[in-house]
Amino acid sequence: MPKRTDLNKIVIIGSGPIVIGQAAEFDYAGSQACLSLKEEGYDTVLINSNPATIMTDDEIADKVYLEPLTLDSVTAILKKEKPDAILPTLGGQTGLNLAVELAKKGILADLGIELLGTNLHTINQAEDREAFKDLMKDLNQPIPPSKTVYDLKTGLDFAHEIGYPVIIRPAYTLGGTGGGFAHNDTEMETVLNRGLTMSPETECLVEKSIAGYKEIEFEVMRDHKGSSIIVAGMENFDPVGVHTGDSIVFTPTQTLTDKEYQRLRDASLTIVNALKIEGGCNVQLAQDPYSEHYYVIEVNPRVSRSSALASKATGYPIAKIAAKIAVGLNLDEIINPITQTTYAMFEPALDYVVAKIPRFAFDKFYHADRKLGTQMKATGEVMAIGSNIEESLLKAVQSLELDSQMQTTLLPDDAKNKSLDDLLETIKTPTDIRLFELFAAICKGATIEQLHDSTKIDEFFLSKLINIINMQKELMTGMLTSSLVLKAQKLGFDDDMIKAVTNVTDDELTKLHSMTDQHLVYKMVDTCAAEFESFTPYFYSTIGNENESKPLGNSVIVLGAGPIRIGQGVEFDYTTVHSVKALQAAGYNAIIINNNPETVSTDFSISDKLYFEPLTIDSVMNIVNLEKPIGVIVQFGGQTAINLTQQLTDRGVKILGTNMAGIEQTENRHDFEDLLIDQNIAHPAGDTATDIPGAHEIATKLGYPVLVRPSFVLGGKGMAIVHDQDELNDYLVPALKHSHGEPILIDKYIKGTECEVDILSDGKQVFIPGIMEHLEGAGVHSGDSIAMYPPQTLTTSQKAEIVQIATKIGKSVHCIGMMNIQFIVADQVYVIEVNPRASRTVPFMSKITHMHLAQLATQLIIGKSLDEIDLQPGMYPEPDSVYVKAPVFSFAKLPGAPTALSPEMKSTGEDLGHGKTLAEALHKAFFDSYHFDSDQVGPILVTPHDAKNTELMAALDAGGYPHQVYQMGQKWPENLAFVLATEDESSLAKQLTTRALSHEVTLFTASDTVAALVKNAQSASAKQ
């Protein structure tokens, strides 16, 4: 049917701050949906609290509400906006749960608002485990024996009835939170208690474990009249038992027979049609590797994490088309944006293989539990496209930005010291580095049968890993010829991987490449396996004869930021996209290189050309040599892009914006110190060390406490405050390991108020959008602090000094574009760090000053002056209202990870709160960041360490938060307001934080946060 004309205004609910299990893929989905609906002429209103996203830009929806995603907040907006309909299926589990709540409370009915896409009955049928089980029974679709339980005894009784192992799945949680396997009564009690606590409905499904089955996912599109297609079939490398977000995934499916594939495909379409889903939907199934038997695992009646992967893997824009279906259009009425000739009813066909590898935060959190299970732990993912499995897998490995030695040799650090028996035992447990441990076991002579017995991974996949190691051995032992190098390239080996196992030089390798009859070429992603002519500017590299990518001319390359990880999040995707917009507006062809399937920047419609490739020097230079751009912009790709700058400069590539000399001046410790001394700018005393004795000498001279950190890092990795030589020794080992040969920075720790600025400069003048003051004191990473704008405690003279210093630094390093400068205000204003690039605060400041800062910076990068873009040197006038950016943590997903705030960044996302006062702004921000309502008072639990802060304890008691000191194993109190634990070393503190997270009680881990909470609560009540 044609699109609906009875609708005018549609509200889209976003997914809120980024957490593990719900990340940037929903920024991509929400942005696509808003633009798709606007394209059809509808008035769009977006509600989301995440300032870091493209979705919350003023040009994506007609009206954007950066407000908490709570029932009260959304209800107030709906009453004000009076929309005709609400679209909740593109905002992850958050958006879906909120829509269900609005419907159940009768708010949608009272306001006459229609639920678009998938109706409430369907959502309940797919999401409620019991209702889903009944439907599967009606459809004759097999599901594992299961029972919905609401208490521990019923769960234990059922486990005894069907036999262990069992899997526990809590209802209505994201990322599988709270779930897990149980092999006996003890494990059952632990996991089921946790799951019941975390489920909003106190409901869990206990089911027979099918760990070891092949896990298959289908992305399905269905329209109003019942037409449905499979967009992509995806197969997990890991068998059932590892959350699909934590598994390596291939598309198309690889190991299914045609009969198995058709059976699972038919089952998926049958289920989606029975549910009457309208839009995008994800069906997960398990195939018994030893028989024709299969099970249905679950259905997500919304756009999911896998939808973003399927969209990028096939080029089929699921969220964009799902939004059009929601307003009445059918698949045979929607043009496929890639071919521009076929309709969306056409199932994509692939003539390549796609691999996805998840990215974890264990390189930051060494002590966290690395074991993978049904609860998701990955912070992001990379995707790669190749002509075969080996090529796509190795290109994905190259994209991970992990330990460079492991990425080039494929072997973990400790593999040499392990016997084959040790490795075969190790690989029984899925972890983030199991792929590399498998490679190590193969190197030690493991057979395919031994590997399969230990892991239950399909022998087909294991044979591909053996092919890769055999190729590596051939390179190590054979004579290096052009044909051997070509053979390695066809399996995905890049130059760094070849050099890691041979003695070949760059020049020799270049010569060998030139001698072959096939070379590195670029192929187009076209959804139809080249069956129809396509117009997509979307390319991947492989080995062949025909290059489908023709140089654009008049182009600029913008380097993306790679996978999302703690310290380098969606904010950098935001700046990348805005840089592209500014380049296009200035008449340039903008080219993006990136490898993250979750993001807006890797939507082929954003740039003039997209290369889905690893962000390595080899990969980038291959594209540079083909495109011959005017220059490359590195400022918006986080530390990933900055770390490539020297190698690009060495190869004669023009860096647009601040040049390598300016970057080196800010990143090299001695150059930076010379700059500050030359400009008479105060900075903490410090020095650099490259070994442990040198570090001891510097720390003794400075006097403890000292701040230790590697240079050229992001997100405070390997950064710590140490108080004595023993602590210094503990920290130096990881700090030196992660320094990649760069020196370790050791500074005198100064206690004070931390603040930061993002500057815009044309190399001669400096513009400062505003000063952000951190609520938590110095020593807490800026990404984990609550940032307040305008500053709340700085004096006029302190602000003037910050502006003066920032201007001096910008001019001295000849900054062109953007730069971030961090300060501590104590007895004087000290500069502690300069980042020669866009920082994570750019989206926040852009949203609240209503200036597209990354676009303005790009205009400066391509040669305009501040005057030409209507910016006056100095600081932008401060607003009357207050804005705060609050961190969001995913501690519940990473058992064993440190929780106390420190110089090492821990947050996965952020939200925004604003109001007339700081108290009002914090109140709003706390909802989606700490999941705390600051209007509510009640008892709190604190550690003995925190109880020693008698002044804070007295303020808490007086403010309506009577404190109780936690004791090991004590009975858990009811109606707790929050838990305070600012240390995470003692076993008591670890137990307290674990229990708080399990009970979903707000956890504060910095005393300054709680002090501000009490102070603002008191000032608010005094005004009342």
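The points below go through selected local features of this predicted model.

1. Backbone, cis bonds. Most peptide bonds are trans. Two exceptions deserve a look. The bond from Thr 251 to Pro 252 is cis, with omega near -5°, and Pro 252 sits in the loop between strand S12 (249–251) and helix H9 (258–275). Tyr 704 and Pro 705 are also joined by a cis peptide bond, with omega about 0°. Pro 705 belongs to the loop between helix H27 (692–702) and strand S25 (706–710).

2. Backbone, positive phi. Most residues other than glycine have a negative phi. Lys 82, not a glycine, has a positive phi of about 50°; it lies in the loop between helix H2 (71–81) and strand S4 (85–87). Asn 680 has phi near 60° and is found in the loop between helix H26 (669–678) and strand S24 (686–689). Lys 82 is exposed because its relative accessible area, 63%, is over 50%. Asn 680 is likewise exposed, at 71%.

3. Helix H10. The buried residues include Arg 305 and Lys 312. After the helix comes Gly 315, whose phi is positive, near 85°. Lys 312 also lies over the face of Tyr 28, at 3.9 Å from the ring centre.

4. Thr 431. Is this loop residue buried or exposed? Thr 431 is placed between helix H14 (420–426) and helix H15 (434–443). Its relative accessibility is 19%, so Thr 431 counts as buried, the limit being under 20%. Beyond its neighbours within four places in sequence, Thr 431 is in contact with Arg 370, Lys 371, Leu 372 and Glu 437.

5. A four-stranded sheet. The strands form an open sheet in the order S38-S37-S39-S40, with parallel pairing. Strand S38 (963–965) and strand S40 (1003–1004) are at the edges with a single partner each, so one side of each has no neighbour in the sheet. Two bridges join strand S39 (residues 978–980) to S40, and Val 979 has Leu 1003 as its bridge partner in S40. Helix H34 (residues 950–958) packs on the sheet, touching strand S37 (940–942), S38 and S39, and its direction makes about 170° with that of S39. Helix H35 (residues 987–998) lies across S37, S39 and S40, at about 160° to S39.

6. Aromatic pairs. The count comes to 22 aromatic pairs. Tyr 352 and Tyr 540 form a tilted pair, 5.3 Å centre to centre with 55° between the planes. Tyr 352 is in the loop between helix H11 (318–326) and strand S15 (353–359) and Tyr 540 in strand S18 (residues 538–544), so the pair ties together parts 188 residues apart in sequence. Both Tyr 352 and Tyr 540 are buried. Phe 767 and Tyr 876 have ring centres 6.1 Å apart and planes at 75°, so this pair is edge-to-face. Phe 767 is in strand S29 (residues 766–768) and Tyr 876 in the loop between strand S34 (874–875) and strand S35 (882–888), 109 residues apart. Phe 767 counts as buried at 3% relative accessibility, whereas Tyr 876 is partly exposed at 31%.

7. Aromatic cluster. Ring pairs also link a set of residues into a cluster, among them Phe 889, Phe 926, Tyr 961, Phe 978 and Phe 1004.

Terms used:
Residues numbered from 1 in each chain as written. Predicted model: local features only at pLDDT ≥ 70, side-chain atom pairs only at ≥ 80, totals over all residues. Heavy atoms only, no water. Buried < 20%, exposed > 50% of the residue type's maximum accessible area, 1.4 Å probe, protein only. Contact = heavy atoms within 4.5 Å. Pairing = 2+ DSSP bridges. Axes fitted to C-alpha atoms, helices over the stretch in contact; angles between N-to-C directions. Phe/Tyr/Trp six-rings, centres within 6.5 Å; stacked < 30°, edge-to-face > 60°. Lys NZ or Arg CZ within 6 Å of the ring centre and 35° of its normal.
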